[in-house]
Amino acid sequence: MAKKTRTPAEASRDAAAVVLLERACELGAETAFSRADAMAACNIGGAGLCCKNCAMGPCRLVGNTVRGVCGATVDTIAARNFARAVAAGASAHSDHGRALAYTLLEAAEGHAPDYKIRDPFKLKEVAGYLGVRADGRALEEVAKDVALAALAEFGKAQGELIYLKRAPAKRQKIWHDAGIAPRAIDREVVELLHRTHVGNDQEAEHILDQTMRCALGDGWGGSMLATDLTDILFGTPAPVISEANLGVLRQDQVNIIVHGHEPTLSEMIVAAVQDPELIEYARSKGAQGIQLAGICCTANETLLREGVPLAGNFLMQELAVLTGAVEAMVVDIQCIFQGLVPLAERYHTEIITTSPKAKIEGATHIEFEERRALEIAKQIVRRAIDRFPQRGETLIPDERSPLVPGFSHEYIDYALGGMYRGSFRPLNDAIIAGRIRGVVANIGCNNARVCHDQLHHYVVTEFLKHDVLVVETGCGAIASAMHGYMTPEAALEVAGPGLREVCETVGMPPVLHMGSCVDNSRILTVLSQMASETGLGEDIADIPAVGMAPEWMSEKALSIATYCVASGAYVILGGSDGPVSGSENVVRLMSEGWENKVGGRLEFIEDGEEIVRRALAHIDKKRAALGLAEYDASKWGKSGDRRMPDLLSLPLEERIEAVYGTAARAQSTA
Ligand code: BF8
């Protein structure tokens with residue numbers, strides 16, 4: 001691939017990002033965008049054809065070379081590389097889940113007094129799943145047993161993951177018949193690494209079976225536990241009002257950005273920035289207050305529960321520093337660029353690493369401990385305030401969009417039926433009638449090799465126009481938030497007539513923000529609940545739904561894609577022809593092969609139009625298989641309760657209150 005330097009407008013479709021990329025050009029400052037332009041991706045490794053699993057290589061299987069030194073074939077090498085990436089992705093999500101379990105344990109045992117059980121209802125629900133008795137016991141006792149039961153799921157000696165039973169019965173049978181029901185979360189990761197060691201499992205299909213088992217341990221294990229335990233500790237999300245894009249940074253305030261994935265520290269920073277003493281301290285340094293904003297999935301966690309605004313998604317982390325207005329970027333784990341440190345050296349910005357699992361050379365390391373959580377958070381906020389007087393020239397783009405995130409499966413259930421009649425029935429009925437053609441879960445990353453947010457924006461716009469309800473997590477969700485698709489009135493502007501009717505009636509945005517990347521487990525739960533309501537078959541594979549990550553880049557995205565496929569979904573990963581494109585057999589095994597085995601298929605499709613075409617074709621195929629009426633947009637748009645025009649005349653705060661009520665907001669901040 002030839003080197004090509006893109007203009008800022010070619011590198012991102014986001015207006016704020018373009019402004020700051022122009023700034024980077026003026027300053028000659030390096031970013032991920034310029035580094036991607038300067039270094040062509042390796043097309044051998046990119047196609048899965050480079051094997052580094054032993055010191056006889058690395059072996060590059062190109063041209064007439066069809067075997068590595070050990071004799072491994074193209075198929076084995078491509079499958080092994082993919083498998084190892086899934087193992088790493090599953091480890092990242094699951095280790096995050098484990099950390100939350102330890103936080104809950106510390107809190108339950110009284111060692112971490114800054115943490116509380118914010119959602120006792122969810123605690124009892126999760127206790128039920130994990131076989132922990134809750135009736136008549138103190139919350140702390142239940143929480144301790146829940147934490148221990150959750151930790152046992154990582155390395156138990158016998159049996160299989162308890163949460164598998166949350167899937168439809170038909171799905172569980174498919175897993176058992178295929179021999180891919182995960183036994184313990186860590187065990188499946190270790191076994192996959194073992195199997196892909198030199199001289200071990202050398203049949204592509206067999207390697208890929210264990211890859212599915214490992215990924216299922218992430219989706220129905222580590223990630224699902226991470227979601228549940230986070231809800232218990234910090235509250236189950238319900239709609240809140242917030243804003244997204246770099247324009248949330250404030251010229252007159254101390255700006256602190258939280259970035260990464262785990263909410264344990266960032267929740268404490270939310271508390272610390274509201275401390276009157278620290279606000280007064282900020283004033284003593286010439287600021288009007290303290291503004292907290294987020295990047296990546298730490299942002300999604302604090303957004304959903306606390307309404308903390310989003311500064312941007314993955315590719316905007318360096319751009320935030322380039323505003324010159326960030327006093328501190330506080331990072332925890334995952335998706336953090338090492339390039340932040342040299343860039344921050346040009347400014348007064350302090351990059352603060354906090355996790356014992358993630359240090360960066362040149363950053364300030366303030367290690368986080370649950371037992372002194374709020375004290376450490378306050379120390380960090382104080383350091384940020386101390387930097388404020390050193391701030392130089394700033395450039396904060398005037399770009400921000402309002403949004404209403406917070407659509408946990410519990411809230412969707414409540415929104416559709418109320419407190420006493422909560423149900424997925426109305427959603428199923430809307431799909432059966434054809435008002436909603438189907439559902440797309442658009443998730444995942446940005447990738448510096450494709451135009452930032454372009455594919456997210458394109459596919460989401462097309463799906464909305466075609467009456468497809470879009471649910472989102474991760475950086476894809478942040479993209480839609482910044483584009484203004486996460487307010488109820490966005491339905492009027494972009495949705496097709498059927499989807500618009502549903503959004504008007506329920507008062508919901510056409511794109512639902514369901515959380516961070518571990519919260520893709522919420523999507524599994526929604527799909528399972530839809531399958532357990534009548535009318536849409538009996539399994540996740542029967543539902544007219546598609547999953548996609550059009551701008552994926554991380555190993556976690558591969559794990560998510562694999563567990564969604566193994567759960568019965570059709571999944572498309574975009575932006576390139578994919579990491580196994582060097583092996584036709586492995587491409588076939590993951591598409592036709594997996595469809596025959598587990599009902600879902602994985603495809604890598606570079607082009608946005610083709611992604612949309614195949615997704616709509618799949619949705620229509622599933623509708624036909626269920627015997628549902630053919631999708632016909634001309635039937636809709638003449639009914640609905642038409643509250644929207646009245647609502648639109650209200651200021652945003654009142655509009656949201658009118659739609660969601662104060663109870664939902666109170667629940668989110670309780
Ligand atoms: O875990 S979407 S860039 S932040 S990996 Fe990273 Fe990808 Fe963003 Fe959330 Ni998920």
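Modeller: An oxygen atom of the ligand sits 2.5 Å from an N or O atom in the side chain of His261, a polar contact (a pair of N or O atoms within 3.5 Å). This is a predicted model, where local features need pLDDT of at least 70 and side-chain atom pairs pLDDT 80 or more, while totals for chains, interfaces and linings use all residues. Numbering runs from 1 along each chain as its sequence is written, and side-chain values use heavy atoms, without hydrogens or water.

Biologist: How far is an oxygen atom of the ligand from the side chain of Lys556?

Modeller: 3.0 Å, again to an N or O atom.

Biologist: And which protein donor does the nickel atom have?

Modeller: A single one, Cys517 (SG), 2.2 Å away. Donors are N, O and S atoms within 2.8 Å of the metal (3.2 Å for Na, K and Ca), and water isn't among the atoms, so sites may look incomplete.

Biologist: Why is the arrangement around the nickel irregular?

Modeller: Because the four donor atoms subtend angles of 88 to 170 degrees. Tetrahedral needs all angles between 85 and 135 degrees; square planar, with four, or octahedral, with six, needs opposite donors over 155 degrees apart and all others between 65 and 115; anything else is irregular.

Biologist: Where is Cys517 found?

Modeller: In the loop between strand 13 and helix 23 (520–532). Helices (H or I, at least four residues) and strands (E, at least two) are DSSP runs, numbered from the N terminus.

Notes. Polar contact = N/O pair within 3.5 Å; in protein donor to acceptor, adjacent residues only side chain to side chain.
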